[in-house]
Each structure stands twice: as C-alpha cells, then as structure tokens.
Amino acid sequence: MNDVQFPTAAAARPHPRGTAATAALLMLGLSGTALAQEAAPATLNSGDTAWMMVSSVLVLMMLVPGLALFYGGMVRAKNVLSVFTQCFGVAGVIGMLWVIYGYSIFSDTTAMEAGVVNLHSFIGGFKQAISPTSTAPASPASIPESVFATFQMTFALITPVIIAGSFAERMKFSAVLLFTALWFTFWYAPLAHMAWSAPGGPAWDWGILEFAGGTVVHINAGVAGLVAALVLGRRRGYPHVAMPPHNLGFALAGAALLWVGWFGFNVGSAVAANENAGMAMLTTQIAACAGVVGWLVVEWLKAGKPSALGAASGALAGLVAITPACGFVGPSGALYMGLITGAVCFFAIGWLKRKLGYDDSLGPFGLHGIGGIVGSLLTGVFASKSLGGFQDIEIASQVQIQAQSVLFTVLYCAIVTWVLLKLTGLVTRGLRVSADDEQEGLDQSQHNERAYNV
C-alpha cells in the first residue's frame with residue numbers, strides 16, 4: 001500500500017498521511033493527480049512486480065485455505081462445509097463487484113483536495129469501472145496497475161469473510177451473499193477510499209498511521225461481526241450446550257497458513273521489494289511470536305494449562321496488532337505490541353464475551369476488533385522515534401488521531417452494518433435459518449452435502 005521512502009532503521013522515517021496504499025495510488029497516478037502529472041515516466045521493475053504478484057497470492061491463501069480451515073475447524077462437524085462455501089461464495093461475488101465498480105470507488109481520486117471535505121472525500125467515482133485495463137507502470141510506480149488492483153482485491157475479499165466467523169452456524173447462505181455484497185459496496189470500498197486514496201480523505205487528512213489495514217480490515221470486520229452476532233442472536237443452546245471445535249487440526253493448520261500469508265498482507269503493503277518491506281517483514285514476525293507468548297502466559301496463569309488453540313490465537317492477535325504499525329515501528333515496538341495484544345485478546349475472547357453474553361461464534365470481534373483497536377492505538381505510541389519507531393510524532397497527538405479514526409470506524413461501521421442487515425433480512429425473508437435447519441446443520445440444510453459420510 002504505501003511506498004513512502006523509509007530509510008533504514010537507523011534513520012528517521014517521514015510521517016505519511018495515511019497508508020502505504022494511499023501513497024501507492026498517488027504514485028500510480030490512477031486518477032491523474034498533480035503528483036502523477038508532474039512525475040517522470042517510470043519503467044516496470046521486475047523485482048517489485050514479482051514480489052507484489054507473490055504477495056497477492058499469499059493474501060489469497062489467507063482466505064482459501066487459511067481462513068476456511070481456521071473457521072471450518074472451529075465449528076461443529078455439521079457446519080464445516082458451510083464455512084468453506086461461504087468463503088468461496090463471498091470471494092466470487094466480491095471479486096466480480098471489485099472489477100465492476102469496487103476498485104473505482106476505492107481508487108478514483110477525482111476532485112479530492114487536502115483539507116477539503118466533499119462527496120469525493122467519502123467515495124470515489126467510476127472512471128475505473130470494469131477495469132483496470134492498464135498493464136504498464138504509471139509514474140513513478142514500478143508495478144503494473146493490474147497487479148496493484150489484484151493485490152487490493154485480495155484485501156476486499158478477505159475482510160467480509162472475517163465477519164462470517166461471528167454469525168457462523170446460523171445465517172442463511174442467500175443472506176450471507178447479499179449482506180456481504182451490500183457491506184462491501186456501501187462501507188468497505190468507501191472506507192478504504194477515505195483512508196487510503198489521497199489527500200482529502202478524512203482519515204488521510206487526520207494523519208492516521210495505517211500501514212496495512214488495521215482499521216479498514218480488522219476493526220471494520222470485527223465491529224461488523226459483533227453487530228451481526230447481536231442482530232441474529234445466539235446459536236440455539238448457547239451458552240448452555242457445549243459447542244467444541246470439531247477438528248482442532250484444521251483450525252491450527254488454517255492459523256499457520258494465515259501466519260504465512262500475513263507476510264503478503266503486511267510486507268506487500270510496501271508495494272516494492274525494498275527496505276520498507278524488509279522492516280515490515282521483521283516487525284510482523286516479531287509481533288506474531290510475541291502474541292503467542294502473551295496469550296499463553298495469561299492462559300497458563302488463568303486456566304492452569306496452555307492450549308493449542310490459544311497459541312494459534314495469540315499469533316493471530318499479534319499479527320492483527322502489527323498490521324497498522326509494521327512499517328512505522330521498530331523491533332522493540334513490535335515485541336511490546338505483540339505481548340500486550342496477545343494478553344488483551346485472551347481476555348476479550350475468554351472473559352468479555354462470557355461477561356456480556358454475546359455469541360460472536362468464532363471470535364472475530366475479540367480477535368480482529370479488539371486486537372485491531374489495541375494495535376491502532378499502540379501504533380501511535382511505538383511509532384515515535386523516542387520509543388524505537390521511525391516517525392517524528394508527538395505521542396499524545398498521534399494517539400488522539402488514532403483514537404479518532406478508531407471511533408469513526410466503530411460508530412459508522414456499526415450503523416451501516418445494522419441498516420444493511422435489516423435490509424438483507426427483508427429481502428431474504430429473515431437472516432437466520434429455521435430452528436430445524438440449524439439443528440440439522442447448515443451443510444445439509446443449505447447445501448445438501450456432508451463433510452463426513454459416517
């Protein structure tokens with residue numbers, strides 16, 4: 001996402017307005033901005049292009065098979081195929097919408113101006129509809145627009161599927177497809193535009209540090225998942241009926257694939273194979289490892305034994321936390337962020353969920369929502385050069401900016417999600433499957449299939 005020139009760790013890094021994606025959009029000249037018009041023509045860099053193609057595949061791997069296995073292993077055996085079908089189905093629908101108009105809503109920066117709030121600040125136009133058609137690099141970027149658009153598509157594919165973990169085992173497949181299509185259209189693409197497109201976008205102008213999607217992806221999906229869980233209500237029998245994961249091996253394999261794929265997610269957001277990407281790679285790995293330790297230490301102390309699913313969840317918590325920060329913090333910051341977020345997410349899933357009684361089935365709110373909020377706020381702390389980061393920022397001011405962006409995302413995501421769920425329910429004559437269908441399982445009732453013929 002942003003190819004802002006980050007020197008080595010020993011040097012100061014500039015304070016970008018927004019994320020890597022934003023700068024990349026400007027450098028790609030997708031909407032003919034003044035920056036692109038003034039820049040000298042660029043030539044395609046085969047190394048950068050190859051890395052971005054690999055990054056796109058790595059992020060896609062996070063969805064299928066990564067998230068499909070992680071979620072599929074945690075549901076009951078009668079619902080495992082429904083999770084896989086939702087992953088494939090949502091990816092198919094959103095992928096088509098991305099090409100038809102989503103990429104244009106995200107990338108078109110026509111009439112955007114720093115400090116000026118207008119309609120274009122919140123949503124792009126349609127100049128790039130049924131596109132991109134360009135395969136040549138646009139100045140001064142060194143990758144084809146087609147590769148950049150594919151990379152960004154993978155973010156758009158996985159974000160709505162993260163939400164599905166909150167309403168797993170009880171939502172109609174038709175409602176899943178319609179809701180995610182509406183949510184992508186009216187919230188994900190506009191929010192990505194606001195945060196990542198150009199000066200004139202609210203989050204960009206505020207000065208948010210958001211390297212690879214902590215707000216646009218994780219907080220966004222987590223909050224939407226919580227709202228969906230509340231609107232649909234609890235699964236039948238929850239919390240009195242035991243609903244253990246049917247295959248922890250699946251879940252752990254999926255988490256491992258997510259860990260590997262995350263390097264495409266975070267490191268690819270440098271939009272080049274350069275020193276920026278190298279630092280993002282290091283901090284991503286450190287935070288994941290620290291997240292494992294942070295979760296397991298607290299779980300060991302509270303429950304008496306560390307768990308396999310806890311180790312995997314801790315790694316993901318660390319990865320969620322470092323996503324907005326990976327290009328801005330140093331190794332020490334990544335270590336602290338992973339440890340803190342691993343511990344906080346344990347309490348969010350193991351205590352807060354039970355205390356408040358909501359049925360966030362597979363924990364997207366506790367992991368992505370809470371983890372994303374903690375990570376975004378801590379980015380404003382550990383990005384400071386005074387704490388080993390690379391930004392010339394005042395910590396209190398930057399944390400305020402991060403908090404403002406988090407609050408904006410939480411409030412508007414909750415409102416838009418609630419409205420779209422209600423609209424979806426009207427169209428599909430209810431969001432939930434019937435009580436009998438839920439008891440039978442979604443594999444059979446929604447898809448007429450079984451994962452295990454025994």
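This is a predicted model: local features need pLDDT of at least 70, side-chain atom pairs count only at pLDDT 80 or more; totals for chains, interfaces and linings use all residues.
**Entry 1: R235 and its partner**

R235 has 6% relative accessibility, and since buried means under 20%, I logged R235 as buried. Then I looked for a partner: R235 forms a salt bridge with E169, with 2.7 Å between the closest N and O atoms. Why does this pair tie together parts that are apart in sequence? E169 sits in the loop between helix 6 and helix 7, while R235 sits in the loop between helix 9 (214-232) and helix 10 (248-267), so the pair joins parts 66 residues apart. E169 comes out at 2% relative accessibility and therefore counts as buried too.

**Entry 2: E169 again**

I stayed with E169 and found a salt bridge to R76, the closest N and O atoms being 3.1 Å apart. R76 belongs to the loop between helix 3 and helix 4 (80-107) and E169 to the loop between helix 6 (145-164) and helix 7 (173-196), so this pair ties together parts that are 93 residues apart in sequence. R76 is buried, as is E169.

**Entry 3: the neighbour R170**

Next I checked R170, which forms a salt bridge with D359; their closest N and O atoms are 3.9 Å apart. D359 is in the loop between helix 13 and helix 14 (364-382) and R170 in the loop between helix 6 and helix 7, so here the parts tied together are 189 residues apart in sequence. I noted both D359 and R170 as buried. Putting the pairs together, I have R76, E169, R170, R235 and D359 linked in a network of salt bridges. My count of salt bridges for the model is six.

**Entry 4: the largest pocket**

I turned to the largest pocket, with a volume of about 880 Å³. Which residues lie nearest its centre? They are L309, I349, K353, R354 and S361, out of 33 lining residues. Helix 3 (46-74), helix 11 (275-303), helix 12 (308-322) and helix 13 (331-356) each give two or more residues to the lining. Helix 13 has the largest share, with five. By class I listed 19 nonpolar, seven polar and seven charged residues in the lining.

The patch is made of V293, V297, L301, L335, Y336, L339 and I340, with about 620 Å² of accessible area together. Helix 11 and helix 13 are the elements that give two or more residues to the patch. I picked out I340, placed in helix 13. I340 is at 35% relative accessibility, so I wrote it down as partly exposed.

Definitions and conventions
Residues are numbered from 1 along each chain as its sequence is written. Side-chain values use heavy atoms; hydrogens and water are left out. On a 1 Å grid over the protein atoms alone, a cavity is a set of points where a 1.4 Å probe fits but cannot get out, and a pocket is an open set with protein on both sides within 12 Å along at least five of seven lines; lining residues have an atom within 4 Å of a point. Grid points are joined across faces, edges and corners, and a volume is the space filled by probe spheres set on the points. Helices (H or I, at least four residues) and strands (E, at least two) are DSSP runs, numbered from the N terminus. Ala, Val, Leu, Ile, Met, Phe, Trp, Tyr, Cys and Pro count as nonpolar, Asp, Glu, Lys and Arg as charged, and the others, Gly among them, as polar. Patches are made of residues with over 30% relative accessible area and no salt bridge: like charges are joined within 9 Å, nonpolar side chains (Val, Leu, Ile, Met, Phe, Trp, Tyr) within 5 Å. Accessible areas come from the Shrake-Rupley method with a 1.4 Å probe; for residues, only the protein chains shown count as cover. A salt bridge is a side-chain nitrogen of Lys or Arg within 4 Å of a carboxyl oxygen of Asp or Glu. Buried means under 20% relative accessible area, exposed over 50%, partly exposed in between (1.4 Å probe, protein chains only).
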